[in-house]
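Hi,

Here is the structure I promised to pass on. Please open it first, then read my notes below.

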Amino acid sequence: MHRNFAKVAVRNRAVAWLGANFWSRRGGPLMWKSYDPALIREELRVLAEHGLTMTRSFFYWPHFMPEPDRVDEECAARYGDFLEAHTEAGLTTIPTLLVGHMSGENWDPVWRRGRDLYGDVWMVARQAWFAEQMARRFSGHPAVAGWLISNEMPIYGERERSVRETVTSWASLLVQGLRAGGASQPISIGDGAWGIEVTGNDNGFSVRDLGALVDFLGPHVYRMENDMVRQHYGAAFICELTGFLGKPVVLEEFGVSSDFVSGENAAHYYRQVLHNTLLAGATGWIGWNNTDFDLIHQDPYRHHPFELHFGLTTTEGRPKPQLVEMARFARVLADIDVLGCEREPADAALIVPSYLEGAFPFTEAEDRSYLFTMLRQAYIAAKEADLPVGLTRERDGIAEDCRLYLLPSTKQLTAPTWHLLERLASEGAVVYASYCHGTHGSQRGPWYAHLDAMFGVEHQLRYGMVDPVEDAQATLTFQRPFGTIAEGTTLTFPVAGTEHSRAYLPVRPRGAEVVAVDQRGRPALLRRQVGRGSIVLCTYPVEHFAAATPRVNPEPTYRLYDALAALAGVRRPVTVDDPRVAADTLRHRDGRRFVFLVSQSEQPLSVKPAAASGHLVERGGETPVHTVELAPYDVRILELRAQ
């Protein structure tokens, strides 16, 4: 299946944005009233010297629109100078219109007086008028690369009941306002891509509906995890989930406060996020933010003091380790000519059930949040197995051109999809499903169309009851060879979850062969041959167990996925026999293939990557590379050459 790698187009020219969200250290959000042209130019110079190409900038709404029918001309003039400073530095910027939320506080124009931001006709008209006015003033400036409607509008508008249709109509009118003012650049919403299609939480900002209005999608990712590998792949997985519409994905906000992380570990985090999201299809990266602040008496920094230190530079303008990593990444983008690169097609599909989007009546919100965590853990296991995997959404129709389909810890799919997957198996694919009861007690059990017939088993469930896993670990012992797993191999998985999900599926084989048994001798992994392919059932929700366990990765699910890939004949250009190092590949249109080796180890590693065909060399070199040394959490990039 094709994996999206869409580029943003500015004035009919593809671009890859690498930049920073920008507030001057003199003033922060209040910078337009304490504007310092010389300081602005110095701040931009430091960013440009480190390879950044753009910023995201903000019209602090109470200052730019002090009355419902008036733009503050002093602020507008200063913004014009700000654009000139960008041109002088060789940078561009994306103006953000409605900046009522920022860094832990909401600010209203004094004239709003509690009006509904989305549903009040007069209030929406005022916002659209402001959009048109700003576009008339600035859309013709060469430094303007795009437009954003808002900054994290779901937070600013949290007092309103965010109805999907109303929010989408509001966004449509604001986009029309920009276009009416002459804006020809790419437009997006600035909502963080926190909609139900990505997070499972319905905040009214539908990625699917808003995606039809915009030119790119912009996730904001600040997740805090209890597992380092989940932390490092969190933004990448969100970019994968966001990219289903075929629109460019720009990581519009990400970053760390130096109050929460050391300089060395901040560099690790930036390095991981930048490279992993590139490999997940992102074509833009805008760090939060350009500078630290010394504004201890000014809100929001007075009451959110950790917000003082999210900068790429210090309050003296010195580069922090994060900016050094951005500079390193800028060189990577140039060296591989990222605009000429595409992701490798994927033979394996990770199925996103339509239940994530809450499309059906009388289903539980908890099912949606469960799906996010479980799918992310499966994505990580695929990475650890060097398995190029694409996300395919049930709602949009399962891709039918894959060799392997993964249904990790699955409770719910629609009935037609189960039958489709059986047909795909009969045509030669391998379909894998691991069972889960669900994490709550409502309609607990298999929402499968034909469990027994599909998997060649006879389930032994009892109504209203679960079959709990009473052991601290689940041990699978293989009774026969399975892909890359030899007979006699034992895999041990953590056991976790709720009283509902910490359970297994009791079955008797009725046509399926038992591949592995659990610690009590019960069938744990079964395979049914069907047509030219096969269907594999794991009776334990191993991905869910891992997702609910802190500091668990890498864990043995990657061994299952590695075996399934071999069984299905999935193409994996390069593999590494160490789950702490993931191998992924980008293909350039001139035929070059770049291999990224990403380490998730806090210790130095020495690994021997294996190419399915051809051999590995250093970028631009000719000498074959057999062993690669990786520093902690490091990234190495090689080339894959044909024999």
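**What I found**

The protein has 16 helices and 32 strands. Both are DSSP runs numbered from the N terminus: helices are H or I with at least four residues, strands are E with at least two. This is a predicted model, where local features need pLDDT of at least 70 and side-chain atom pairs count only at pLDDT 80 or more, while totals for chains, interfaces and linings use all residues. Residues are numbered from 1 along each chain as its sequence is written, and side-chain values use heavy atoms, with hydrogens and water left out.

**Overall shape**

A compact globule of 643 residues would have a radius of gyration near 26 Å, and the protein agrees, with 26 Å. That radius is taken over C-alpha atoms, and the globule rule is 2.2 Å times the number of residues to the power 0.38. The C-alpha trace spans about 80 × 60 × 45 Å along its principal axes. Of the 643 residues, 63% count as buried. Buried means under 20% relative accessible area, exposed over 50%, partly exposed in between (1.4 Å probe, protein chains only).

Now the contacts (heavy atoms within 4.5 Å). Take those between residues at least 6 apart in sequence: 75% join residues at least 24 apart.

Helix 6 covers residues 164–180. Its 17 residues reach 24 Å from first C-alpha to last, close to the 24 Å expected at 1.5 Å a residue. The expected span is 1.5 Å times one less than the number of residues. Its buried residues include Trp170, Leu174 and Leu178. The buried residues of helix 6 pack against several elements, among them strand 5 (92–99) and helix 4 (121–138). Just after helix 6, Gly182 takes a positive phi of about 105°.

Helix 13 covers residues 415–426. Its twelve residues reach 17 Å, close to the expected 16 Å. Trp418, Leu421 and Glu422 are among its buried residues. The packing partners of the buried residues in helix 13 include strand 14 (348–352) and helix 14 (451–455).

**One histidine**

Where is His141 found? His141 sits in the loop between helix 4 and strand 8. His141 counts as buried because its relative accessibility is 15%. Leaving aside neighbours within four places in sequence, His141 is in contact with Arg11, Leu83, Glu84 and Thr87. Leu83 is 58 residues from His141 along the chain, yet their C-alpha atoms are separated by 7.5 Å.

Best wishes
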